[in-house]
Amino acid sequence: MGATAQAQGLENIIVEEYYTITQADADYYNNEVGGTYPLVAGMKCYRIFVDMAPGYRFLTAFGDPAPQGGGASLNPLDFTTTTTFWNDDNYGDYIPTQTRRLDEGSAFDSYLTVGRTGTSGGAAGCGSNLEQLGVPRAADTNGNLTMCTTYSGFQSGDNDGNIPGTVPSLTLNLGGTMDFAAFTEDGSSFVIVDESWATLPANTGVDPQGANTVMIAQLTTNGDFSFHLNIDISDPQQNIETYVWNQAGPGRQRSDLLIFPQPAQPEDCLGVEGGTALPGTPCDDGLATTGNDTWTAECECEGQLIDCLEVPGGTALPGTACNDNNPATGNDQWSAGCVCVGQTLDCLNVPGGTALPGTACNDNDATTEDDTWTAECACEGTPIVVYDCPALQANIGDACNDNDATTENDTVNDQCVCAGTPIVIYDCPVLEANIGDDCNDNDATTENDTINDQCVCAGTPIVIYDC
């Protein structure tokens, strides 16, 4: 044999509820066949199969020895019931009896095996006298050739789970310490330590490149049935794989498949026993704003926030830097609405700065004042005016207001004083003249024109003499 390999040739342990005893079955056996132990309605007959990968061979079922120095075996093998195992003590004890006896009661016997359910030999009787191999009833290809119609659940068209075939003889009780009382004295527990059973050479299933299942035991009881197994199998290259139910040392593999009933699996995050909704596996938190949702260690379905670039768990979050591809802005950031927005650059290229067109600046020109930023971000001021009269912010001759209602034509004089000329009050305001003032009545026939007391410009007629 080759070295032990860490592979996965064990695909399953199949526990088939092969048959449930009816009252008619019990009456037939107890009244017609008879045995030390009565068959009881409601008893279940279980068959255990090792399901292997194609090409694998079953080597042994075994119980580990106790540790050196004392203590219990870490991996004992056991078949246990809460009541007792039933056995037919007419035709054998712990191995399958002759096939021709299956219709007489040994069909439901409790025994160990590697593949075989009945040996050949003797008269055919109702059943076949050929050696029979056990297969799951659903995989039986030849119907009912061994049970006939003796038992109510096996009519002519029913599969009886037995098909003709041959396997090497069973080798068991290698250490001579197996206690078969559970199979021969109506016991409740079969336990082996530092023992095994096998066939030599090793055996495949009846369909080695297909299902490749090998039957290793049959147990009948009306109690709660359980077991713990350890097995060796080998791959097509004869590399051994060892599977144990409890503690696996180097080169071994532990598997819950070897325990029946299967241990209760912990509930997943959805409350499903043995379910797949485990921490770290995908879920859906129902939020469109998250992605990569997974179950946390506390079974909370949480996702990563989808950032502004649609990346779950990404860093492009509102308030973080971005690039709006606008050269007129800076300090670009993602907004709450995932819009990349920057601050306008001011006239000093400061994002969001206050040096904006129309605001004060300094053009560093002493001849200007009131400097401001233009629309083109040029800092410009207005020229400073030098006055003749700085206190009045005016030049000599500039119009002004001397705030004197009796003067007019106010101007800044050479003394930097705002002064006007007195306003003249006329007798005849319309003519801007007084009575008696010379005037011109534009009449060529008059002379000595003056303003009369009627505010009319009038002259005296010119006298033209003959001489």
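This is a predicted model: local features need pLDDT of at least 70, side-chain atom pairs count only at pLDDT 80 or more; totals for chains, interfaces and linings use all residues.
Skipping neighbours within four places in sequence, Arg-137 is in contact with Glu-16, Tyr-18, Tyr-19, Gly-153, Phe-154, Asp-158, Asn-159, Asp-160 and Gly-161. One of those contacts, Glu-16, also leads us to a sheet, where its bridge partner in strand 2 is Arg-47.

- You'll find Arg-137 in the loop that runs between strand 7 (132-134) and strand 8 (162-164).
- Arg-137 is buried, yet it has no salt bridge.
- What does lie 2.7 Å from a polar atom of the Arg-137 side chain? That's the backbone oxygen of Asn-159.

- Four strands make up an open sheet, in the order 1-2-12-5, and the pairing is antiparallel.
- Strand 1 (10-20) and strand 5 (111-112) sit at the edges with a single partner strand each, so one side of each has no neighbour in the sheet.
- Strand 1 and strand 2 (residues 44-52) are joined over nine bridges, in the antiparallel sense.

- Nonpolar side chains tend to be buried together in soluble globular proteins.
- The largest nonpolar core here has 35 residues, and the ones touching the most other members are Ile-48, Phe-58, Phe-79, Phe-190, Trp-197, Leu-229 and Ile-231.
- There's also a second, separate core of 16 residues, with Tyr-37, Met-43, Trp-86 and Met-147 among them.

Definitions and conventions
Residues are numbered from 1 along each chain as its sequence is written. Side-chain values use heavy atoms; hydrogens and water are left out. Helices (H or I, at least four residues) and strands (E, at least two) are DSSP runs, numbered from the N terminus. Buried means under 20% relative accessible area, exposed over 50%, partly exposed in between (1.4 Å probe, protein chains only). Lys and Arg count as positive and Asp and Glu as negative; His and the chain ends are not counted. A salt bridge is a side-chain nitrogen of Lys or Arg within 4 Å of a carboxyl oxygen of Asp or Glu. A polar contact is a pair of N or O atoms within 3.5 Å; within protein, one must be able to donate a hydrogen and the other to accept it, and residues adjacent in sequence count only if both atoms are side-chain atoms. Contact means heavy atoms within 4.5 Å. A nonpolar core is a set of buried Ala, Val, Leu, Ile, Met, Phe, Trp, Tyr and Cys residues joined through side-chain atoms within 4.5 Å. Two strands pair if DSSP finds at least two bridges between them.
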